[in-house]
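Let's take a walk through this model together, with the sequence and the coordinates side by side. Open your viewer and follow along.

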Amino acid sequence: MTAKVLHLHHDDNVVVALDPIDQGQYLPQYDVHTLNPIESGHKIALGDMKAGDHVVKLGVVIGIAKADIQKGEHVHRHNLKMPEVAITHVGGGQRERDLPHNQFKGRTFKGYRREDGRVGTRNFIGILPVVNCSATVTRMIADHFRHLDQDKYPNVDGVFALTHQHGCSVAAFPEGYDLMQRTLAGYVRHPNFGGMVVIGLGCEDNPVGALMKEHDLSETATRKIFEIQSEGGTKSTVQAGIEAVEKLLEGINQDEREEVSISELTLALQCGGSDGFSAIGANPALGVASDLLAAAGGSSILSETPEIFGVHHLLKARAVNSSVALEVDQLIDWWLDHAKRWDGSLDDNPSEGNAEGGLTTIIEKALGSASKGGHGPLMDVRRYGQPLREKGLTFMDSPGNDWVSVTGQVATGANIVAFTTGRGSVFGCRPAPSVKLATNSRLYSRMEDDMDINCGPVVEGEISLVEKGCEILEMLIETASGKLTKSEELGFGQEEMSPWVISGTV
């Protein structure tokens, strides 16, 4: 039986194994005998290569051979490395596709229209500590409502605490202070919260009053503010918080979903536990959904700056103007300097799980990460947690850590998340529902309780990227209208808030 492999671009000098392949297996279409056992998602050399030769996948140089590689040999960490100097790309990347741009124009979903005009896909009450010192108090308040009576409050999706471990000892480091404040402010004003209780301690570097003033926020009928020291301590604050939430429940239970345009959707594009199939099926299919949403007037946020390194030129080429293109370069330069200061490299990004799934260098990983952004124009670049300014595709600076990156995307305004995974990430993100996309059918069948969509049929040639992208956007619309994702059904999302910390602790 002929082993199934994928030759992804005419310039590629490797193929990808669709299924595990035994040593000595003959690939007649390429006149290649495998010299090693090959796991699915991993690469096989189509010809002999000398040390220093370019290795090309998806039409892009993903690295150089660090030793001679024989025809039929497994190509991976033992014989492939990042180049020490800039390399010339063959070109490649994902090919543009003919999209049914009008298919989703005029489509609607059922959302919650807020006073500021934005639209939520959920109706939560959040309890937010501005500092780690108030985190336990916020959890005490939320625990009182852990088993919310949904018969009594059918229009309330839940009450939960957004605990984190930061917020003090940052004032001496302005960049970290500003980043923390705008992240918290983004959560305070997020449209998926019908009500919000914000709690400080009273003596922290990041006092609740300063947060509200500097970000033009105020106490309202749906937003309440407390400081533990001013309230008289833990018990008094917990009681005051419980009473505030009880009043909020009565009010936001009157909120009802209404038909609104899908142009009100802001989609966070995210991946975690990537594998050798991420760049082939799930991620470019999500890119199709992103392009179709943009064509309908919606917005998408691509992030994880270290994970576009090596293919950022492809994203930069899509910038709507030179200023946006320059900002892409500036972000990459910052991250290169940041890694150097810590005696690291951006190629340190791929994890052991990524490697087990077939990914070798950060450039290879970036081919998948960047493809989530589709092919449409790059409209804007934002720093971590800065409010969204443009419709269409925006790039938001963030680390490659999934939790940290999604936290920033939600702060920027994402009201729904699409999360691709090849290894099996079990992620959820309150207040924004997270739709999980499996890159391969084995993962989907093994972890169906966690995965919402199987993108394996794209890799297997059973469905086109465009068809899968349309399927993804349809599910996103259903989810935005209230359908629970697998991660929501499992109760994920209360522990995942993780602000990016750039701090000089003093």
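Which residues of S2 point one way, and which the other way? Val-14 and Val-16 point to one side of S2, Val-15 and Ala-17 point to the other, and all are buried. Buried here stands for under 20% relative accessible area, exposed for over 50%, and partly exposed for what lies in between, using a 1.4 Å probe and protein chains only.

A word on the ground rules before we go on. This is a predicted model, in which local features need pLDDT of at least 70 and side-chain atom pairs count only at pLDDT 80 or more, while totals for chains, interfaces and linings use all residues. Residues are numbered from 1 along each chain as its sequence is written, and side-chain values use heavy atoms, with hydrogens and water left out.

Back to S2 and its neighbours. Helices (H or I, at least four residues) and strands (E, at least two) are DSSP runs, numbered from the N terminus. Two strands pair if DSSP finds at least two bridges between them. With that in hand, you can trace an open sheet of four strands in the order S1-S2-S5-S8, with antiparallel pairing. Its edge strands are S1 (5-6) and S8 (74-75), each of which pairs on one side only. S1 and S2 run antiparallel and are joined by two bridges, and Val-5 has Ala-17 in S2 as its bridge partner. On to the next pair: S2 (residues 14-17) and S5 (residues 43-45) pair in the antiparallel sense over three bridges. Opposite Val-16 you will find Lys-43 in S5, and opposite Val-14 stands Ala-45 of S5.

Another open sheet is made of three strands in the order S6-S7-S9, with antiparallel pairing. S6 (54-57) and S9 (80-81) stand at the edges with a single partner strand each, so one side of each is left without a neighbour in the sheet. Four bridges join S6 to S7 (residues 60-65), and these two run antiparallel. Val-55 has Gly-63 in S7 as its bridge partner.

Helix H10 lies across S6 and S7, running at about 165° to S7. Axes are lines fitted to C-alpha atoms, for helices over the stretch in contact, and angles run from 0 to 180 degrees between N-to-C directions. H10 also takes us to a helix pair. Two packed helices are described by the angle between their axes and the distance between the axes. For H6 (residues 282-295) and H10 (residues 362-371), the axes come within 7 Å and cross at roughly 25°. H6 and H10 are therefore roughly parallel to each other; angles under 35 degrees count as roughly parallel, over 145 as roughly antiparallel, 65 to 115 as roughly perpendicular and the rest as oblique. In this contact (heavy atoms within 4.5 Å), Asn-283, Pro-284 and Gly-287 of H6 meet Gly-368, Ser-369 and Ser-371 of H10. The contact residues divide into one nonpolar, five polar and no charged. In this scheme Ala, Val, Leu, Ile, Met, Phe, Trp, Tyr, Cys and Pro count as nonpolar, Asp, Glu, Lys and Arg as charged, and the others, Gly among them, as polar.

Now turn to H1 (residues 135-143). Its buried residues are Ala-135, Val-137, Thr-138, Ile-141 and Ala-142. Seen down the axis of H1, they fall within an arc of 165°, so they line one face of the helix; the arc is that of the directions from the helix axis to the C-beta atoms. These buried residues pack against S12 (124-129), S13 (158-161), S14 (193-200), H4 (228-231) and H5 (234-252).

Finally, some single residues. Leu-267 is found in S17 (residues 266-271) and is buried, with a relative accessible area of 0%. Leaving aside neighbours within four places in sequence, Leu-267 is in contact with residues including Leu-286, Leu-293, Ser-300 and Ile-301. Thr-394, in S20 (residues 392-396), is also buried, at 0%. Beyond residues up to four places away in sequence, Thr-394 touches Ser-300, Ile-301 and Leu-302, among others.

Ile-463 and Gly-281 are 182 residues apart in sequence and 9.9 Å apart in space, C-alpha to C-alpha.
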